[in-house]
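Visitor: I am new to this structure. Could you show me how to read it, one feature at a time?

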Protein chains: 2
Amino acid sequence: MSKTTERRAKLAATLVDAARARIAASGVHHLRARDLAQDVGCSVGAIYNVFDDLDALILQVSLGTLRDIDKTMAAVGAQAVQNEDKPVETMIALANAYFQFVQENTNLWRALFDHDIPEDYVLPEPVRAEQNALFRHIEKPLSLCMRSAPEEQLSAVAKSLFSAVHGLITLSVEQRIAGVSVKEVKPQMDFLLRTFVAGLGAEKE
Amino acid sequence: MSKTTERRAKLAATLVDAARARIAASGVHHLRARDLAQDVGCSVGAIYNVFDDLDALILQVSLGTLRDIDKTMAAVGAQAVQNEDKPVETMIALANAYFQFVQENTNLWRALFDHDIPEDYVLPEPVRAEQNALFRHIEKPLSLCMRSAPEEQLSAVAKSLFSAVHGLITLSVEQRIAGVSVKEVKPQMDFLLRTFVAGLGAEKE
DNA sequence: GGATCTTCTTGAACAACGTTCAATTTTTCG
DNA sequence: CGAAAAATTGAACGTTGTTCAAGAAGATCC
């Protein structure tokens with residue numbers, strides 16, 4: 001049981017690496033099972049012995065992408081301990097880091113968010129867990145801006161802010177919808193976040 | 001030249017209608033050339049005499065979707081003249097109208113934003129024009145909140161707000177990324193917009 | 001109106017894709 | 001070692017979007 005499962009695992013890892021390289025180079029919709037087989041030196045059928053689907057393989061690549069994003073944001077969070085009195089700056093730094101990641105890994109990022117999987121696909125638990133980890137990076141500085149808010153609301157607002165920044169970046173990077181121009185993304189994220197946090201300070205009227 | 005071009009135009013319109021119906025019913029990635037041909041009673045080849053591509057056909061459907069969204073937002077804008085002293089309410093109403101449209105026309109909306117067209121595809125001018133029209137609906141109430149801002153900034157912020165709301169809706173409607181839960185979308189859009197506008201009022205410090 | 005040229009329409013054929021599967025090879029384990 | 005189990009193979013299958021030679025229909029001129 002050891003030799004085979006070991007090789008299975010090794011093949012799976014090799015396939016994920018090859019798929020990641022191909023996706024990064026030419027986008028997820030140019031990924032071909034036959035190319036992958038040739039890349040790693042196995043037959044097309046072997047892929048299906050290790051993965052149910054090409055979608056399952058792509059999902060593994062996306063899990064890695066999620067973890068990379070998490071690493072990037074965690075690094076910003078670590079830097080930010082010095083900035084505890086200015087949580088907005090941390091939030092802006094997080095947004096900028098995310099934007100930079102998208103620019104440097106556009107195709108992998110697209111595979112993560114754009115690639116539509118069959119509607120009945122069960123999202124693996126690790127993927128869902130990793131997604132929630134992302135939001136948590138925002139919760140920390142946000143909590144310093146919303147000290148009286150309950151945990152639940154904090155979590156929801158963190159998700160909202162991530163979604164908002166994500167939307168801004170998406171519509172500017174994808175040319176099919178003319179959002180904010182790429183040059184304007186950072187200034188706009190900056191303005192959006194600063195204004196929002198300023199609004200948190202001002203009492204409702 | 002008249003009989004043929006007339007028939008061409010009629011066929012094109014019929015095909016777009018059929019495609020819209022199919023997309024609305026089962027999503028853009030289940031659209032098949034052969035099904036369409038059967039729907040409208042022509043051969044598969046005839047489709048390619050009228051459209052370069054299935055993508056070109058889908059783009060025509062999406063142009064219609066854009067116009068429908070525009071109509072929805074225009075209706076809200078017309079309602080909102082009574083509310084000139086409370087521009088935030090108009091902005092929230094616009095966001096809610098957009099969200100409602102997405103919920104009622106999810107598949108058409110997905111075709112508009114998710115369907116990835118070849119990277120070198122030239123976006124038809126009417127599509128681009130219609131997109132800009134959307135942003136303009138937001139500019140009107142926004143200008144009442146940013147009276148001293150130059151036209152250019154106003155336009156950029158309007159795009160940003162649309163993108164932000166769009167991101168919120170996208171990540172909650174698409175199950176592949178667990179954003180804000182569908183139930184929480186309206187409250188969160190409400191909170192986001194109110195807080196942002198409140199921040200516009202408070203001077204920067 | 002008919003002959004001729006052009007243009008459109010057709011649906012079988014093509015190439016490319018994800019996926020499967022019977023045959024073959026390799027691994028496992030008593 | 002030898003039999004059972006599992007994995008590997010690559011040819012083959014079923015579906016795609018798209019093309020194209022052949023035939024049908026329209027336009028144009030006398």
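Guide: Start with burial. A residue is buried if 20 or more other C-beta atoms lie within 10 Å of its own. Keep in mind that this is a predicted model.

Visitor: Is V28(A) buried or exposed, and why?

Guide: V28(A) is buried, because 21 other C-beta atoms lie within 10 Å.

Visitor: Where does V28(A) lie?

Guide: In chain A, V28(A) sits in the loop between helix 1 (2–26) and helix 2 (33–40).

Visitor: Which residues does V28(A) touch, beyond those up to four places away in sequence?

Guide: V28(A) touches I23(A), I58(A), N107(A), R110(A), A111(A) and H115(A). Now take D114(A). V28(A) and D114(A) are 86 residues apart along the chain, yet 9.3 Å separates their C-alpha atoms.

Visitor: Next, the nonpolar core. Which residues touch the most other members of the largest one?

Guide: A19(A) and A19(B) do, in a core of 102 residues. Setting aside neighbours within four places in sequence, A19(A) contacts L31(A), L36(A), L57(A), I58(A) and V61(A).

Visitor: And the interface? How many residues of chain A are in contact with chain B?

Guide: The size of an interface is often given as the accessible area lost when the parts come together. Here we count residues instead. In chain A, 36 residues are in contact with 37 residues of chain B.

Visitor: Which elements of chain A give two or more residues to that side?

Guide: They are helix 7 (125–145), helix 8 (151–173) and helix 9 (185–201) of chain A. Helix 8 of chain A gives the most, with 11 residues.

Visitor: What kinds of residue make up that side of chain A?

Guide: The side of chain A that touches chain B has 17 nonpolar, 12 polar and seven charged residues.

Note on methods
Residues are numbered from 1 along each chain as its sequence is written. Chains are lettered from A and ligands numbered from 1 in the order in which they are written. This is a predicted model: local features need pLDDT of at least 70, side-chain atom pairs count only at pLDDT 80 or more; totals for chains, interfaces and linings use all residues. A nonpolar core is a set of buried Ala, Val, Leu, Ile, Met, Phe, Trp, Tyr and Cys residues joined through C-beta atoms within 7 Å. A residue is buried if 20 or more other C-beta atoms lie within 10 Å of its own, exposed if 12 or fewer, and partly exposed in between; C-beta atoms are placed from the backbone. Two residues are in contact if their C-beta atoms, placed from the backbone, lie within 7 Å. Helices (H or I, at least four residues) and strands (E, at least two) are DSSP runs, numbered from the N terminus. Ala, Val, Leu, Ile, Met, Phe, Trp, Tyr, Cys and Pro count as nonpolar, Asp, Glu, Lys and Arg as charged, and the others, Gly among them, as polar.
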